[in-house]
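Here is a short tour of one structure. Keep the sequence and the 3D view side by side as you read.

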Amino acid sequence: MLGTAAWSSARAEGAQDTLVAMGRYLQAVARLFADTGYRVDGIEVGALDADVRTALRHEIAQLAQALDGLLGPKAVFVQDLRGYARRARAGGFDSPQQRRNAWGAIQREVEGIARGADDVLEIVSRADSRLDVVIPDEDRLRLGQVMRQRRLLLRRFPEIPPPEAAGELLALDEMVEQHEQLRLATERFRLTLEGKRRTLAA
């Protein structure tokens, strides 16, 4: 997992290396969601006491809703990043200011994603959570660390200058692909949790 030191180092090199660093981070997060979902899917919840089932079902619903709140803004963000890259390659900006305005509008979208990350962090970090029944403590700890790190990186995203050169746009394409892979992994994780919730309600 890339840390903030790696991000800061890449940022000093400019937009291209920053986007590459962010793409690698997103790839690592997608793997974490995929691995955690796989482990959650293999946990049996059918024999739990009624009170535990009720509490766990409620927390799973909260986490699934928080993940939904993360997925919505991310889908728009990915779409707008793709649109920016296409427009930049086609010479669709009439002036540097127009390019900066378009990029700035995208940068402002990260706040919605950051709020979603905060909601997920709050749920997986609760000391009295019953989620440990379906999400092993080690995985919950890693998810919490990832959400904290993600919040920090998202707050630094507005520092990236508008990608313009061919290498920067290629790095942007790769980062967008990693965003999409993370979105898909997050959605699969959410569906896995929903499956557990339905089992608990049966």
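Threonine 18 is buried: its relative accessible area is 0%, and the cut-off for buried is under 20%. The model is predicted. Threonine 18 sits in helix 2, residues 15-41. Its C-alpha atom lies 9.3 Å from that of glutamate 168, although 150 residues separate threonine 18 and glutamate 168 in sequence.

Isoleucine 60 is another buried residue, with a relative accessible area of 0%. It belongs to helix 3, which covers residues 50-89. What does isoleucine 60 contact, leaving aside neighbours within four places in sequence? The partners are Leu131, Val134, Leu193, Lys196, Arg197 and Leu200. Glycine 83 is 23 residues from isoleucine 60 along the chain, and their C-alpha atoms are separated by 35 Å.

**Aromatic pairs**

How many aromatic pairs does a search of the whole structure find? It finds 5. Two of them are set out here.

| Pair | Distance between ring centres | Angle between planes | Type |
|---|---|---|---|
| Phenylalanine 33 and phenylalanine 189 | 5.4 Å | 75° | edge-to-face |
| Tryptophan 103 and phenylalanine 157 | 5.5 Å | 45° | tilted |

Take phenylalanine 33 and phenylalanine 189. Their planes meet at 75°, and over 60 degrees counts as edge-to-face, so the pair gets that label. Phenylalanine 33 lies in helix 2 and phenylalanine 189 in helix 7, residues 166-201. The pair therefore ties together parts that are 156 residues apart in sequence. Both phenylalanine 33 and phenylalanine 189 are buried.

Now tryptophan 103 and phenylalanine 157. Their planes are at 45°, so this pair is tilted. Tryptophan 103 is in helix 4, residues 96-108, while phenylalanine 157 is in the loop between helix 6 and helix 7. The pair links distant parts of the chain, 54 residues apart. Tryptophan 103 and phenylalanine 157 are buried as well.

**Helix 6**

Helix 6 covers residues 137-156, 20 residues in total.

Which residues of helix 6 are buried? They are Asp139, Arg140, Leu143, Gly144, Val146, Met147, Gln149, Arg150, Arg151, Leu153 and Leu154.

Methods
Residues are numbered from 1 along each chain as its sequence is written. This is a predicted model: local features need pLDDT of at least 70, side-chain atom pairs count only at pLDDT 80 or more; totals for chains, interfaces and linings use all residues. Side-chain values use heavy atoms; hydrogens and water are left out. Helices (H or I, at least four residues) and strands (E, at least two) are DSSP runs, numbered from the N terminus. Buried means under 20% relative accessible area, exposed over 50%, partly exposed in between (1.4 Å probe, protein chains only). Contact means heavy atoms within 4.5 Å. The expected span of a helix is 1.5 Å times one less than its number of residues. Rings of Phe, Tyr and Trp (its six-membered ring) pair if their centres lie within 6.5 Å; planes under 30 degrees apart count as stacked, over 60 as edge-to-face and the rest as tilted.
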